[in-house]
Amino acid sequence: MKRICIILSFFLLTSGSTFSQEQFSIIPKPVSLKPVKGKPVTISAASTVYYEPSWKDQANYFRDQVKFQTGLELALIPLNGDQSKAPKHAILLRKDSSKINRPEMYILDAGHQQVELTARDIRGIINGMQSFFQLLPIGPQKELRVPAVVIEDYPRFAYRGMHLDVVRHIFPLDYVKKYIDYLTFHKFNTFHWHLTDDQGWRMEVLSYPRLNSIGSWRDSTLIGHFKDSPARYDGKRYGGYYTRAEIKDVLAYAAVRGINVIPEIDIPGHSRATIAAYPELSTKPDTTWNVATTWGMYNRQNNVLAPKEQTFTFLKAIFTELAELFPSTYIHIGGDECSKLWWKADTATQRFMKEKGLANEVALQTYFIEQVAGYLKQLNRRAVGWHEIAEGDLDTSTLIMNWGDEKQAVMAARKGFDIIMTPGKPYYFDHYQSKDPKDSLAIHGYNPLEAVYQYDPIPATLKKEKLAHKVIGGQANVWTEYMENQYKVDYMVFPRMSAVSESLWTSLEQKNYKDFLQRLEKSIIPKYQSWNSSWFRNYKQWGMDK
């Protein structure tokens with residue numbers, strides 16, 4: 001019986017016309033996948049990759065990935081004029097702006113005894129490569145047989161992001177790069193790097209060095225959940241930061257893969273590490289502050305910057321350094337969970353508000369955001385912040401990340417803001433994947449794989465009000481309070497990251513959860529294994545109705 005199945009599988013592979021879209025296991029699901037008549041394209045160690053000369057780095061990436069996945073090492077030759085006479089069994093990486101009419105679009109044509117990947121931009125050619133890799137087996141091969149197929153594909157949303165918090169727990173540079181590879185494979189285009197918060201400062205700073213000598217280190221870390229009573233701590237000094245050289249290394253790595261890196265420095269709240277290093281920036285400058293050792297600071301401990309000349313001089317210097325280091329047009333300035341208690345209790349802050357004509361603390365929060373957005377505008381950058389920054393009368397040129405519910409998204413869209421949907425339900429991956437009491441510790445909530453997959457980033461209200469265009473994409477967030485190492489991060493993001501990739505790439509009409517699960521098991525779980533990554537294995541047992 002086993003022999004019959006093997007023969008049948010071989011027949012299906014070699015007779016191109018017998019394939020259907022459902023028999024391919026590509027995630028995210030392509031816009032169009034059409035089997036064509038003809039034999040599979042045979043690729044061996046004798047095959048050559050011909051590439052657009054400006055894509056030399058991407059060609060090297062392609063060769064390295066094929067070797068990693070199959071063991072085959074292919075030769076590289078730049079395209080030179082008309083390559084229509086390229087030998088059979090070749091792979092061509094072409095640039096064509098007339099044939100490709102959308103950003104990030106690609107066409108993969110595996111007919112005519114060649115594999116031709118066509119795109120007009122780096123992200124497009126990288127996207128096409130990911131689909132090609134999913135057509136290949138995983139493991140050492142002497143020869144590859146690529147089925148005769150034509151794929152025309154492009155994303156539903158322009159912005160498709162994944163976030164990683166390296167403050168609560170910091171991760172090795174190699175893992176940050178591996179995380180970027182996860183994003184690349186899943187056809188995301190943005191890595192949101194959360195670099196500062198109450199529990200540490202993770203970016204090397206030249207202008208204010210105590211941010212690293214003091215702000216990058218905490219004296220202890222919470223053990224267990226922050227709501228546990230009594231609270232327990234490990235008593236171990238913890239911290240570190242990425243040097244400018246390391247950050248540049250990550251940025252170069254991401255650029256080859258077409259991944260934009262958006263850095264985040266969270267202000268004016270979530271600033272405990274900042275005021276521990278520079279107490280004069282706080283509402284109580286005579287106090288000795290510590291870098292936070294616990295989570296859940298909102299309204300519990302003072303972590304806000306005070307509005308004063310020193311503070312705004314500090315912010316201008318810090319965001320100037322950030323903009324000089326990161327090429328991203330967007331710079332994230334946080335703005336979330338800014339407790340107003342400490343501003344209300346501070347006479348100097350109240351005096352500042354009166355002098356500036358600020359009616360309340362919400363207006364003061366807006367003032368902070370506008371100041372930093374102005375600094376960034378002078379540097380030809382654009383500010384992005386969490387949805388709380390839209391509570392006041394803020395300029396709509398700032399991009400909004402909505403981690404709240406539909407209500408906040410509708411409010412921001414009606415005001416005229418462009419929005420990235422990143423709601424706590426279901427796009428926060430620090431939430432539980434199951435309701436099993438023995439599951440690995442998470443912060444709270446329940447976001448099973450099915451809820452992640454079925455989520456539509458465009459609220460029905462915005463569709464009804466013809467404001468759907470204000471949603472430019474979505475992002476899943478990985479807050480790492482309870483993710484002390486890379487294996488726990490992997491466990492919390494997989495397979496939910498795979499579901500997000502399809503929910504942001506594939507049209508609603510093409511989505512099918514049962515089909516997704518089949519493709520996940522056939523094509524993606526083996527990729528997790530090849531990466532030596534962990535993942536939540538009981539995803540089928542937990543759904544929206546559990």
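Reader: How do you know that the span of helix H11 agrees with what it should be?

Author: The expected span is 1.5 Å times one less than the number of residues. Helix H11 (residues 361–378) has 18 residues, so it should span 26 Å, and its end C-alpha atoms are 26 Å apart, which agrees. Helices here are DSSP runs of H or I with at least four residues, strands are runs of E with at least two, and both are numbered from the N terminus. This is a predicted model, where local features need pLDDT of at least 70, side-chain atom pairs count only at pLDDT 80 or more, and totals for chains, interfaces and linings use all residues. Residues are numbered from 1 along each chain as its sequence is written, and side-chain values use heavy atoms, leaving out hydrogens and water.

Reader: Why is Thr 311 called buried?

Author: Buried means under 20% relative accessible area (over 50% is exposed, in between is partly exposed; 1.4 Å probe, protein chains only). Thr 311 has 0%, so it counts as buried. Thr 311 sits in helix H8 (residues 309–325).

Reader: What is Thr 311 in contact with, leaving aside its neighbours within four places in sequence?

Author: Contact means heavy atoms within 4.5 Å. On that basis, Thr 311 is in contact with Leu 281, Leu 305, Ala 306 and Phe 368. Phe 368 is one of the buried residues in H11, and the buried residues of H11 pack against H8, among other elements.

Reader: What makes S6 and S9 a pair?

Author: Two strands pair if DSSP finds at least two bridges between them. Strand S6 (residues 106–109) and strand S9 (residues 149–153) are joined by 4 bridges and run antiparallel.
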